[in-house]
Amino acid sequence: VSRRLAAAARTGKQPGRAVVLFPHGGAMLPRLSRAGMPLLLILPSLVLAIAIIIYPFFVILRLSFANVSPFGQLRGFVGWANYANVLTDPIFYGSLLRTLIWTVAVVGGTVLISVPVALVLQQDFYGRSVARTIVMLPWALSLAMAAILWQWSFNADYGMINGMLQSLGLISAPVQWMARAETAFPVEIGIGILVSIPFTSTIFQGGFSSIPTDIYEAARIDGASAMQQFRFLTLPLLQPFISIAVVLNIIHVFNSFPIIWVMTQGGPDNGTHILVTYAYELAFRLGRPGPAAAVSVVMLAIVFVFTGIYLRLRREDV
Amino acid sequence: MRRARLRRSILCWLVLSPLVVLVLFPYLVMLSTALKPTAEVMSYPPHWIPRHWSLTGFSAMWSQADLGTAILNSVAIAGGSTVLALLIAVPAAYAVARMRFRAKPAYRVFLLISQMLAPVLLILGLFRLAAAVPFGDGTLVNTRIGVMVIYAAFQLAFSVWMLAAYFAAIPTDIEEAAWIDGCGRLQAILHVFLPLAVPATAVCAVVAFVAGWNEYVVALTMLRDPGKQTVTLQVVNLVSGRYSVTWNEVMAAALVATLPVAVVFGYVQRYLVRGLTLGAVK
């Protein structure tokens, strides 16, 4: 195939000879080339993805069944010991529960806010393109950077949030937002929602613009109110987009790392850990790569389940 | 008619206003803090408009945090990964959009699955992989090239999906006309198809570059040496694990790190909508 490519490249410089190589004007390429060419074109992407994405998965799988020293040496196969080790750790259960709360709250909040936002952005109004750009803005911001900006805004001593709440008379003294998990975790959930809105409302805007407008005219003629149109036309037609947005958001939010890691590192007192920050701490702070690998395998399994659901939802496209 | 539109506009902006405030809030805090002198930042209650305007935050972070080096690192890593990802994704996307082959459905599923595996889930395996590959005096750990290749790999699936969606929209007849005029397939690609594919590829390049610029967990894990760290990592390191933080310097650094990216991304963001609703997403 590569020889043919070279030949084609050579003839490329001498158009007269192309006719000899491809007697049908090039539209009908020789058999081997037709079968091998697409595979040759996708081969580099396969190699890179297998080396950097698939292979590390198997590395983690193997680690999760091995006795690994804090410095990373493998010291034999230990069966399910790493998993058992994790299952006796109370921090694991706290993190598991918090992962569920985090995912449900962030994905639920995001979808609930994004539907009306996308609906508004579909209207024709003054300054719509400005509004669209503002709504999309968090997308451009690194999650780690967003976490830093909000951490400073919620700073107990000099932060703008405390200053504003106090000047409005809503609090009497500065609140130590990040010092207690009961306040830090909800703040992190709020930021999680805010940064997920751009992507989600983009999907919904695509959904709204795929709905033909003439059905609304028909509904109006039949006397349907705006509310009825939304309830019985828009929402059912948007349903497939909502499903896709929910599943994709679950996959992204479930392993969203930077917000929590930058703002609280899972603390105080392990009170804001979710599975992904817990696994990272085990691996790179506490020197326990074996249990960390076990937690990673559990997370990967959850992601595979939701990826399966996603593939089913969009089977017709694939 | 115009009055109705005006009324609708006011209503729309009212509905959006809480979100608009929340989105702009951190940017305003950043701007306000970055322009204050240190003493004013460390005072309570805080105020939005600086009493004394000051650029000391910018000069201090530039010299102390060595932000210039960090920006160069980010440009090299994000830029290198973008080039690598596109060099690999453009041919693959061409094959997906233009050619028929039996493995295509399986390849698309493979891409979707690889898209779902975030770097943070695989970070332990990535670290061990990097530590196992000899490079120079040591391994790929603590090298910019290691981070670059990882970013490129995780950008592939999205790039192939999005490029294939755009490529499929480029009419085939132009290429076919070129074949009939005696062009070889490769020549038709070079002279007819690629020029038409430039806008889509440029959008894809911006997305890949911004993703690399903004990435945190791989940089945090791989880049130990401050002289090799990206600007995103450097800014976070100005805060995390430090007892006293000079917030006006941090905000000045954050401003320098985020503003250029936000502007470029804001510009291409509208071209993204189609690619995203069609394909995989990050």
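B:Arg8 is partly exposed in this predicted model, with a relative accessible area of 31%; here buried stands for under 20% relative accessible area, exposed for over 50%, and partly exposed for the range in between (1.4 Å probe, protein chains only). The side chain of B:Arg8 meets that of A:Asp124 in a salt bridge, with an N to O distance of 3.9 Å. The pair joins two chains, because B:Arg8 lies in helix 1 of chain B and A:Asp124 in the loop between helix 5 and helix 6 of chain A. A salt bridge is taken as a side-chain nitrogen of Lys or Arg within 4 Å of a carboxyl oxygen of Asp or Glu, while helices (H or I, at least four residues) and strands (E, at least two) are DSSP runs numbered from the N terminus.

B:Arg5 also forms a salt bridge with A:Asp124, and there the closest N and O atoms are 3.0 Å apart. This pair likewise crosses between chains, running from helix 1 (residues 2–34) of chain B to the loop between helix 5 (90–122) and helix 6 (128–140) of chain A. Both partners count as partly exposed, B:Arg5 at 24% relative accessibility and A:Asp124 at 39%.

Over all chains, the count comes to three salt bridges. Among them is a pair within chain A, where the side chains of A:Glu182 and A:Arg180 meet at 3.4 Å, N to O. A:Glu182 is exposed, with a relative accessible area of 54%, whereas A:Arg180 is partly exposed at 44%.

As the model is predicted, local features need pLDDT of at least 70 and side-chain atom pairs count only at pLDDT 80 or more, whereas totals for chains, interfaces and linings use all residues; side-chain values use heavy atoms, with hydrogens and water left out.

Attention now turns to the backbone. Most residues other than glycine have a negative phi, and most peptide bonds are trans. The bond from A:Gly267 to A:Pro268, however, is cis, with omega near -10 degrees. A:Pro268 is found in the loop between helix 12 (258–263) and helix 13 (275–284) of chain A. The loop between helix 12 and helix 13 also holds A:Asp269, whose phi is positive, near 55 degrees, and A:Asn270, with a positive phi of about 60 degrees. A:Asp269 counts as exposed at 76% relative accessibility; A:Asn270 is partly exposed, at 26%. In chain B, a cis peptide bond joins B:Tyr44 and B:Pro45, with omega about 0 degrees. B:Pro45 sits in the loop between helix 2 (38–41) and helix 3 (56–64) of that chain.

Finally, A:Ser45 belongs to helix 3 (residues 31–64) of chain A and is buried, with a relative accessible area of 2%. A polar atom of the A:Ser45 side chain lies 2.7 Å from the backbone oxygen of A:Ile42.

Technical notes. Residues are numbered from 1 along each chain as its sequence is written. Chains are lettered from A and ligands numbered from 1 in the order in which they are written. A polar contact is a pair of N or O atoms within 3.5 Å; within protein, one must be able to donate a hydrogen and the other to accept it, and residues adjacent in sequence count only if both atoms are side-chain atoms.
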